[in-house]
Amino acid sequence: MRTIDTGEVKIRLHYGGEGPPLLLLHGHPQTHMMWHRIAPLLAEEFTVVMPDLRGYGDSSKPETTSDHATYSKRAMARDQIAVMKALGFEQFAVAGHDRGARCAYRLALDFPEAVTRLAVLDIIPTGEAFRRTSKDFATKFWGWFFMAQPYDLPERMIGENPDNFYFRGDRSIFHPEALAEYLRCIHQPGTIHAMCEDYRAGASIDYELDEADRGVKKISCPVLALWSAQGELPEWYDVLSIWRDWTDDVEGRGIECGHFLAEEAPDETYEEMHRFFSK
């Protein structure tokens with residue numbers, strides 16, 4: 001474990017292994033702990049770096065701004081560049097799940113010279129999701145719109161009972177120690193507000209950045225897209241077709257599990273990631 005001061009924030013991370021550097025970014029409302037089932041396997045051939053994103057886990061919760069830029073994926077991407085440089089890595093591969101995947105592809109767009117390969121788990125780009133919003137999307141993914149409401153409505157409502165708000169489904173998919181860690185971090189001062197700011201940034205500055213880049217800038221490195229075959233993405237979208245608008249080199253498929261690929265289907269997720277990052 002290590003904490004790195006980037007100059008903007010302090011990022012808590014766990015790293016180890018040997019070989020080429022591989023950055024793993026977690027999703028909402030989790031921490032780096034979400035990789036616990038596949039990181040030890042990847043660490044046999046890669047130097048695995050697993051930070052808590054700003055606003056999450058034991059990393060800093062910086063003060064917010066009216067434009068939500070503090071919690072933009074661009075800001076989170078800057079954090080990762082600083083983290084990897086502090087560990088001695090100018091170039092690296094990156095994989096992200098959920099919100100971490102949104103940081104990961106922004107990292108590849110903003111710092112193409114740093115990212116050698118990119119894996120995105122269970123997302124399409126933020127701008128594409130908002131542009132394609134439908135009744136089904138707004139109903140099923142209502143959290144996108146609820147947590148993006150102005151301060152402090154969602155903070156107060158979630159804060160009344162955070163243990164019941166987060167992970168409302170089948171909690172048995174999570175290892176008990178991992179779940180306990182996620183819930184511990186949710187109760188850290190400022191975490192609920194930071195996570196809401198993450199979603200406010202998604203609905204504002206992240207969307208605007210994607211719109212500015214759409215059709216103008218492409219991801220230059222190879223991309224692996226994996227998604228839940230049991231989730232909504234394959235029902236609503238041609239996932240690979242959407243990613244082909246953002247990169248000329250993409251492959252991927254659905255995995256028979258729910259949203260939390262690395263925890264629900266660790267063996268299959270590991271095999272796909274290992275194959276891709278070993279090329």
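**Reading a helix residue, a strand and the whole chain**

Guide: Helices (H or I, at least four residues) and strands (E, at least two) are DSSP runs, numbered from the N terminus. This is a predicted model, in which local features need pLDDT of at least 70 and side-chain atom pairs count only at pLDDT 80 or more, while totals for chains, interfaces and linings use all residues. Residues are numbered from 1 along each chain as its sequence is written, and side-chain values use heavy atoms, with hydrogens and water left out.

Visitor: Is threonine 269 buried or exposed?

Guide: Buried means under 20% relative accessible area, exposed over 50%, and partly exposed in between (1.4 Å probe, protein chains only). Threonine 269 has 0% relative accessibility and therefore counts as buried.

Visitor: Which residues is threonine 269 in contact with, leaving aside its neighbours within four places in sequence?

Guide: Contact means heavy atoms within 4.5 Å. With those neighbours set aside, threonine 269 touches Ile38, Leu121, Ile255, Leu261 and Ala262.

Visitor: How many residues of strand 7 are buried?

Guide: In a regular strand the side chains alternate between the two faces of the sheet. Strand 7 (residues 223-228) has six of its six residues buried.

Visitor: Which strands are joined to strand 7 by bridges?

Guide: Two strands pair if DSSP finds at least two bridges between them. Strand 6 (residues 115-121) runs parallel to strand 7 and is joined to it by four bridges; valine 120 has alanine 225 as its bridge partner in strand 7. Strand 8 (residues 250-255) is also parallel to strand 7, with six bridges between them, and leucine 224 stands opposite glutamate 251 of strand 8.

Visitor: What does the protein as a whole contain?

Guide: The protein has 14 helices and eight strands. Its radius of gyration is 17 Å, close to the 19 Å that the globule rule gives for 279 residues, so the protein is as compact as a globular protein of that length. The radius is taken over C-alpha atoms, and the rule is 2.2 Å times the number of residues to the power 0.38.

Visitor: What share of the residues is buried, and what share of contacts joins residues at least 24 apart?

Guide: Buried residues account for 56% of the 279 residues. Among contacts between residues at least 6 apart in sequence, 75% join residues at least 24 apart.
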